[in-house]
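Hi,

Here is the structure I promised to send over. Have a look, and my notes follow below.

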Amino acid sequence: MEKDIKSVYIHIPFCSNICSYCDFAKMFYNHDMVLKYLKALEKEINEKYQNELIETLYIGGGTPSCLNIDELKVLFAIIKKINLSKNLEFTFECNVNDISEEKIAFLSTNGVNRISLGVQTFNEEILKNMHRSHNYEEVKSKISLIKKYINNINVDLIYAYPNMTIDILTDDLEKFLSLNVDHISTYSLIIEPHTLLSINNVSNINEDLDYLMYKTIIEKLTQNGFKHYEISNFARNNRFSKHNLTYWNNLEYYGFGLNASGYMKNIRYTNTRSMSNYLASIYEYEKEIITKKDKIIYELILGLRKIDGIDLDNFKIKYNIELEENKLIKKLLKENKLEIKNRKLKIPYQNIYVENEVLVELLDYE
């Protein structure tokens, strides 16, 4: 195996409560099941991990922060088997209600240096519909607590939620900015099958309103010093998510745990969603063998999510192809659906909201 994998994602599927919009692999927290799961996770890592030096580690879920200190000790004993760089970016997802000084101190002592906090909104009615329970003062207090130990913080914001208005979003943005964090991830709500919202026949909001909300977010965050560096992500003080850039730069990574995805040695895989299968060491559910053409299409679709786009010179080094000479790319450049600036191929910024229309065309790349 080539020793070039530098990133690891670990999935912890347990939650104290299930959010109405969530379609990730998850289940209600159960102590006995947590211990069985961690044992299976250790087995998967032992079998697959090839001792590469890891530069980004992301623990997501589910809600990893719902684990208690003793369970976290088991998890971090497993993590110690991974060869971690001294310059590691180590992100841990947290739910507001789970945060205590003991837990944050433990995470910090064990190498976590970036927290991703699921805030979503401060609107009371929407939070209730989401099956979440926190308020502005609580979030502010928990962020102050986190900052005693860890300064690199992301907060998640969901918009385009049913019954959300521009006024609600604007109020959310003001409050998110007052939290004084350096990274904000924004998500336009997509109602996925099998979620509570879908089961209750809730519809997506009007597309024009969705666009107006996206524009409002961009204007408000960029006016307040945030760089819009990926379709849905904004950062200040160069606090870009190195881990997520692994995905957008089409680099290889391990995915460990229930329903985790990975990409290694020309194979993209997704693990099973079945807990019983996973505990029985039947990990993989889907596997896709990637050809050179597939790699290029992934490179285009993922790379064009970045506002700065794809570096044409790096692309030439990687694939020995002058991308701007490709027939389809020439056509999209001529139609102003793509542009080249400073040797970067990108979607024109004013068209970024409708980038999916361009990405669909790129599936025809030859």
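His 134 counts as buried, because its relative accessibility is 8% and buried means under 20% relative accessible area with a 1.4 Å probe, protein chains only. This is a predicted model, in which local features need pLDDT of at least 70 and side-chain atom pairs count only at pLDDT 80 or more, while totals for chains, interfaces and linings use all residues. Numbering starts from 1 along each chain as its sequence is written, and side-chain values use heavy atoms, with hydrogens and water left out.

Back to His 134: it sits in the loop between α4 (124-130) and α5 (136-147). Its side chain has a polar atom 3.1 Å from the backbone oxygen of Val 119, and the side chain also reaches the backbone oxygen of Thr 121 at 3.3 Å. Leaving aside neighbours within four places in sequence, His 134 is in contact (heavy atoms within 4.5 Å) with residues including Val 96, Asn 97, Leu 127 and Val 139.

Now the helices. The axes of α1 (residues 31-48) and α2 (residues 69-79) come within 10 Å and cross at roughly 5°; the axes are lines fitted to C-alpha atoms over the stretch in contact, with angles from 0 to 180 degrees between N-to-C directions. That makes α1 roughly parallel to α2, the term for angles under 35 degrees. Among the residues making the contact are Leu 38 and Leu 41 of α1 and Leu 75 of α2.

Leu 75 turns up again elsewhere: beyond its neighbours within four places in sequence, Leu 75 is in contact with Ile 12, Leu 38, Leu 41, Ile 59, Leu 67 and Phe 92.

Cheers

Note on methods. Helix = DSSP H or I, 4+ residues; strand = E, 2+ residues; numbered from the N terminus. Parallel < 35°, antiparallel > 145°, perpendicular 65-115°, else oblique. Buried < 20%, exposed > 50% of the residue type's maximum accessible area, 1.4 Å probe, protein only. Polar contact = N/O pair within 3.5 Å; in protein donor to acceptor, adjacent residues only side chain to side chain.
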